[in-house]
Amino acid sequence: MTVTYSQQVSDARLGTFYRLLLRWKGSIYKLLYRELLIFTVMYCAISVTYRCILTEEQRRMFEKLSMYCDQYAQLIPVSFVLGFYVTLVVSRWWGQFESVPWTDRLSALVSGHVRGADEGARLVRRSLMRYANLSGILIYRSISTAVYKRFPTMSHLVQAGLMTAEELRHLEELPSPHNKFWVPCMWFVSLAMRARSEGRINNDVAMTAILNELNTLRSQCMKLYGYDWISLPLVYTQVVTVAVYSFFLTCLIGRQFLDPAQGYPGHNLDFYLPVFTLLQFFFYAGWLKVAEQLINPFGEDDDDFETNWLVDRNLQVSLLSVDEMYDLVPLIERDKYWDESEPQPPYTAASAEHRKPSFMGSALDIR
């Protein structure tokens, strides 16, 4: 389930963001604690070996190696490659969300332009929206592990009532080796053309509006297909991963606390755990974990998109819009402000402080 905390940060007050640090689901602690534990154990093992196992001569050699690693670890451009990579991943993640197909506009057009209260017209409207939803579900099956687990075979779509056995037969007999998510869109077009010829859609402008909205939905499905097909270049992902992990492998030796008696620069104190190195690991490795989670939001991580919820929501809303709500209008009455030229909805005591006078322009306040 997508982790939402918008209400908790609606007001910027003391402690607002501190409270978010205590959450576990979707947190960086949940993503990173295993790697941080492994890094700490490895660091402690090397430290114990240096302090208790090595001979005096071996310690001097290890100290030279440690200073060498610490000196040249700074040459690894972790901040640059990681920052640019995460920026690309976040941009791609938001682009995928904007490409999620929603059926609301299409269902409104179908409900408004496919006229008729008889069973035939109702069947046409429901079938049109079922085809539109089926196209999105076929895309989700091919890119989302959660939806694929829900509908592992095409027969499961028939059992779920999302398509008929006859439609499945037509789909399977179609001689195409490619993803067939576009086939229900073509069924939609054919059925809409039939409804136009029967007079259920009474003009070409309405027909054009419906088909344009269908093409928009199909384009969004195609974008999701393209995002799944074309990933960020593998070489870039490899460069970032190697840069981060090689930097911290070097830090396992380079950030060791050396014997203060030897007088090495920067080694005047002797602690057992490098607190600031652990913080650096938390920030850099956490940054990389953010990219790993966002690079494909159609998995089953805490912050991945709820694709199964999208399937249920789009189907329920679209069928409700074109069927039960067809030509349904509440009783028309005079509104409360019928005789008022300046309507003013009331404020509650809690919201009265937000009532402000109309802004007329900054120059009008000159005295």
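Predicted model: local features only at pLDDT ≥ 70, side-chain atom pairs only at ≥ 80, totals over all residues.

Trainee: How is a pair of packed helices described?
Mentor: By the angle between the two axes and the distance between them. Here the axes are lines fitted to C-alpha atoms, for helices over the stretch in contact, and angles run from 0 to 180 degrees between N-to-C directions. The helices themselves (H or I, at least four residues) are DSSP runs numbered from the N terminus, as are strands (E, at least two).

Trainee: At what angle do α4 and α11 cross?
Mentor: Helix α4 (residues 78-98) and helix α11 (residues 204-229) cross at roughly 150 degrees, and their axes come within 9 Å. That makes α4 roughly antiparallel to α11. Angles under 35 degrees count as roughly parallel, over 145 as roughly antiparallel, 65 to 115 as roughly perpendicular and the rest as oblique.

Trainee: Which residues make that contact?
Mentor: From α4 they are Arg-92, Gly-95, Gln-96 and Glu-98, and from α11 they are Gln-220, Leu-224 and Tyr-227; contact means heavy atoms within 4.5 Å. By class, the contact of α4 with α11 has 2 nonpolar, 3 polar and 2 charged residues. In this scheme Ala, Val, Leu, Ile, Met, Phe, Trp, Tyr, Cys and Pro count as nonpolar, Asp, Glu, Lys and Arg as charged, and the others, Gly among them, as polar.

Trainee: And how is α4 placed against α12?
Mentor: The axes of α4 and helix α12 (residues 234-254) come within 10 Å and cross at roughly 140 degrees. The two helices are therefore oblique to each other.

Trainee: Which side chains meet there?
Mentor: Val-78, Val-81, Leu-82, Phe-84, Tyr-85 and Leu-88 of α4 meet Tyr-236, Thr-237, Val-240, Ala-243, Val-244 and Phe-247 of α12. The residues in the contact of α4 with α12 divide into 11 nonpolar, 1 polar and no charged.

Trainee: Leu-82 is on that list. Is Leu-82 buried or exposed?
Mentor: Leu-82 counts as buried, at 0% relative accessibility. Buried means under 20% relative accessible area, exposed over 50%, and partly exposed in between (1.4 Å probe, protein chains only). Leaving aside residues up to four places away in sequence, Leu-82 touches Val-240, Val-244, Tyr-284, Trp-287 and Leu-288.

Trainee: What about α2 and α3?
Mentor: Helix α2 (residues 28-53) and helix α3 (residues 56-73) pack at about 145 degrees, with axes 9 Å apart. Ile-46, Tyr-50, Arg-51 and Cys-52 in α2 meet Arg-59, Phe-62 and Glu-63 in α3. By class, the contact of α2 with α3 has 4 nonpolar, no polar and 3 charged residues.

Trainee: Returning to α11, which of its residues are buried?
Mentor: They are Ala-206, Met-207, Ile-210, Glu-213, Leu-214, Leu-217, Gln-220, Cys-221 and Leu-224. These buried residues of α11 pack against α4, α5, α6 and α10 (183-197).

Trainee: Where does Met-222 sit?
Mentor: Met-222 is in helix α11 and is partly exposed, with a relative accessible area of 42%.

Trainee: On to α14: what covers its buried residues?
Mentor: The cover includes α5 (104-113), α6 (119-143) and α7 (145-150). Among the buried residues of α14 are Leu-310, Val-311, Asn-314 and Leu-319.

Trainee: Lastly, what is the phi of Asp-327?
Mentor: Phi of Asp-327 is near 60 degrees, a positive value in a residue other than glycine. Asp-327 lies in the segment after α14 and is exposed, with a relative accessible area of 53%.

Methods:
Residues numbered from 1 in each chain as written. Heavy atoms only, no water.
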